[in-house]
Amino acid sequence: MSFSLTSFSEPSQKPFFSNFGAIVTFAIIGTFVASVVTGGLVYLGGSMYLMYKLPFVECLMFGALISATDPVTVLSIFQELGTDVNLYALVFGESVLNDAMAISLYRTMSLVNRQSSTGEHFLMVVIRFLETFAGSMSAGVGVGFTSALLFKYAGLDTENLQNLECCLFVLFPYFSYMLAEGVGLSGIVSILFTGIVMKRYTFSNLSEASQSFVSAFFHLISSLAETFTFIYMGFDIAMEQHSWSHVGFILFSILFIGVARAVNVFGCAYLVNLVRQENQKIPMKHQKALWYSGLRGAMAFALALQSLHDLPEGHGQIIFTATTTIVVVTVLLIGGSTGKMLEALEVVGDDHDDSMSEGFEESNPRYIPPPFSIGASSDEETSSSGSRFKMKLKEFHKSTTSFTALDKNFLTPFFTTNNGDGEEE
């Protein structure tokens with residue numbers, strides 16, 4: 001997972017957090033749907049003798065690990081060509097958060113697979129998943145907020161304490177990772193949310209010299225990690241043993257992840273657009289770009305490596321070979337054709353749509369969803385299940401916008417040294 005604190009460059013924080021509700025929808029709901037759809041299609045394909053048949057739980061494990069997207073190449077081209085900032089925020093935010101979701105789903109399914117036959121109820125599966133995901137997220141957020149308070153009140157932003165300040169800032173994410181692993185949670189998920197919180201609140205409490213240093217340091221570490229990951233993958237393809245006797249499994253898996261990606265993107269975009277105002281809806285060309293940008297990378301490869309130890313009878317080898325092939329194919333094909341795709345969808349140089357993110361900042365904290373839709377009477381509204389569903393979505397949308405106001409009015413002043421007005425600059 002190629003994530004660093006410097007990934008949130010200053011110009012991108014505003015569209016990222018103004019689109020946070022949509023990002024969470026794509027990353028959590030969408031990743032769960034994509035995992036289940038992929039696993040179900042793989043199991044169905046095996047049952048119809050189109051491909052090698054795996055047990056159902058192992059199909060779900062494969063669906064979980066292959067749903068982790070890593071559009072590093074796509075994002076770099078987005079930045080170079082100047083695409084819409086909201087599209088960039090959606091692709092980046094989904095890739096960051098869906099790694100956490102994919103890890104939690106994979107660990108849950110792996111735990112279920114180790115249980116005796118089918119002896120675990122669905123409720124227990126859900127509880128174990130929530131325990132892993134919510135626990136790891138809480139640990140990461142807690143460490144992040146603790147670091148914000150420490151750097152705000154400890155007085156480390158003096159010239160003779162800059163080395164200590166930088167060292168503590170670098171060590172806090174590692175402490176989050178060790179804390180989560182020590183209590184049996186996911187360290188990667190924990191460090192992910194620690195990075196998000198520290199960039200949002202802790203980073204502004206550093207001195208200017210320390211900010212410059214840690215930005216350069218994490219940028220260097222991020223680049224080295226990405227480079228060594230792809231070097232390792234290259235050596236692995238050349239030196240490791242792979243199971244090439246089930247080519248049908250690989251080919252149909254590529255088709256199935258494309259279908260699952262479409263269900264994820266277009267389904268979640270429909271839900272998001274239900275609660276957005278007309279000028280804030282996700283356009284179809286952005287949805288197509290989101291679907292196309294779902295290439296697989298380091299996280300899927302790492303979880304596939306883990307499957308070699310988790311799955312017996314060569315099933316892990318089959319999944320590992322298929323995942324490695326999918327990673328290489330998607331990186332080469334999608335990464336190599338992203339520029340042409342952006343031109344075909346006409347999203348290159350789409351910076352004028354930045355007003356959409358500004359509209360969120362200005363209107364959403366004060367936006368109150370209407371209790372009834374325009375053009376329908378109250379009786380028709382309450383009697384229609386579809387309208388009630390839209391009302392529930394708008395209530396959820398209101399809660400996300402109220403969180404934006406909470407962050408601006410309370411969290412930012414409490415955890416940082418500024419009063420929250422810096423966001424408007």
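Leaving aside its neighbours within four places in sequence, which residues is Thr 321 in contact with?

Reply: Once the neighbours within four places in sequence are set aside, Thr 321 is in contact with His 242, Ser 243, Trp 244 and Ile 250. The model is a predicted one. Thr 321 itself sits in helix α13, which runs over residues 315-345. Thr 321 counts as buried because its relative accessible area is 1%, and the cut-off for buried is under 20%. Between the C-alpha atoms of Thr 321 and Val 247 there are 9.6 Å, although 74 residues separate the two along the chain.

Helix α13 also takes part in the surroundings of another helix, α11. The buried residues of α11 (residues 284-292) are His 286, Gln 287, Ala 289 and Leu 290. They lie on the same side of α11, because the arc they cover around the axis is only 160 degrees. Helix α13 is one of the elements that these buried residues pack against. The others given are α2 (20-47), α5 (85-114) and α10 (247-275).

Arg 261 pairs with Glu 94, and their closest N and O atoms are 2.7 Å apart. Arg 261 belongs to helix α10 and Glu 94 to helix α5, so this pair ties together parts that are 167 residues apart in sequence. Both Arg 261 and Glu 94 are buried. The count of salt bridges comes to 2. The other pair is Arg 107 with Glu 181, where the closest N and O atoms are 3.6 Å apart. Here Arg 107 is in helix α5 and Glu 181 is in helix α7 (residues 162-182), so the parts tied together are 74 residues apart in sequence. Arg 107 counts as partly exposed because its relative accessibility is 35%. Glu 181 counts as partly exposed too, at 32% relative accessibility.

Helix α7 leads on to Ser 176, which lies in that helix. Ser 176 counts as buried, since its relative accessibility is 0%. Its side chain makes a polar contact of 2.5 Å with the side chain of Ser 190. A polar contact of 2.7 Å links the side chains of Ser 176 and Thr 194. With neighbours within four places in sequence left out, the residues in contact with Ser 176 are Ala 139, Gly 140, Val 143, Ser 190, Ile 191 and Thr 194.

Tyr 49 counts as exposed because its relative accessibility is 74%. Its C-alpha atom is separated by 9.9 Å from that of Gly 248, a residue 199 positions away along the chain. The phi of Tyr 49 is near 60 degrees, a positive value in a residue other than glycine. Most residues other than glycine have a negative phi.

Another part of the surface carries nonpolar side chains. Leu 220, Ile 221, Leu 224, Phe 228, Ile 231, Phe 235 and Met 239 make a nonpolar surface patch of about 730 Å². One of these residues, Leu 224, is in helix α9 (residues 208-239). Leu 224 is partly exposed, because its relative accessible area is 38%.

The last step is the chain as a whole. It has 16 helices and 0 strands. Of its 425 residues, 47% count as buried. The chain exposes about 20,000 Å², and carbon and sulfur atoms supply 64% of that area. Among contacts with a separation of 6 or more, 81% are between residues 24 or more positions apart. The pair of Arg 261 and Glu 94, which ties together parts 167 residues apart in sequence, has already been described.

Terms used
Residues numbered from 1 in each chain as written. Predicted model: local features only at pLDDT ≥ 70, side-chain atom pairs only at ≥ 80, totals over all residues. Heavy atoms only, no water. Patch = residues over 30% accessible without salt bridge, like charges linked within 9 Å, V, L, I, M, F, W, Y side chains within 5 Å. Areas by Shrake-Rupley, 256 points an atom, 1.4 Å probe, with all protein chains shown as cover. Salt bridge = Lys/Arg side-chain N within 4 Å of Asp/Glu carboxyl O. Helix = DSSP H or I, 4+ residues; strand = E, 2+ residues; numbered from the N terminus. Buried < 20%, exposed > 50% of the residue type's maximum accessible area, 1.4 Å probe, protein only. Arc of directions from axis to C-beta. Contact = heavy atoms within 4.5 Å. Polar contact = N/O pair within 3.5 Å; in protein donor to acceptor, adjacent residues only side chain to side chain.
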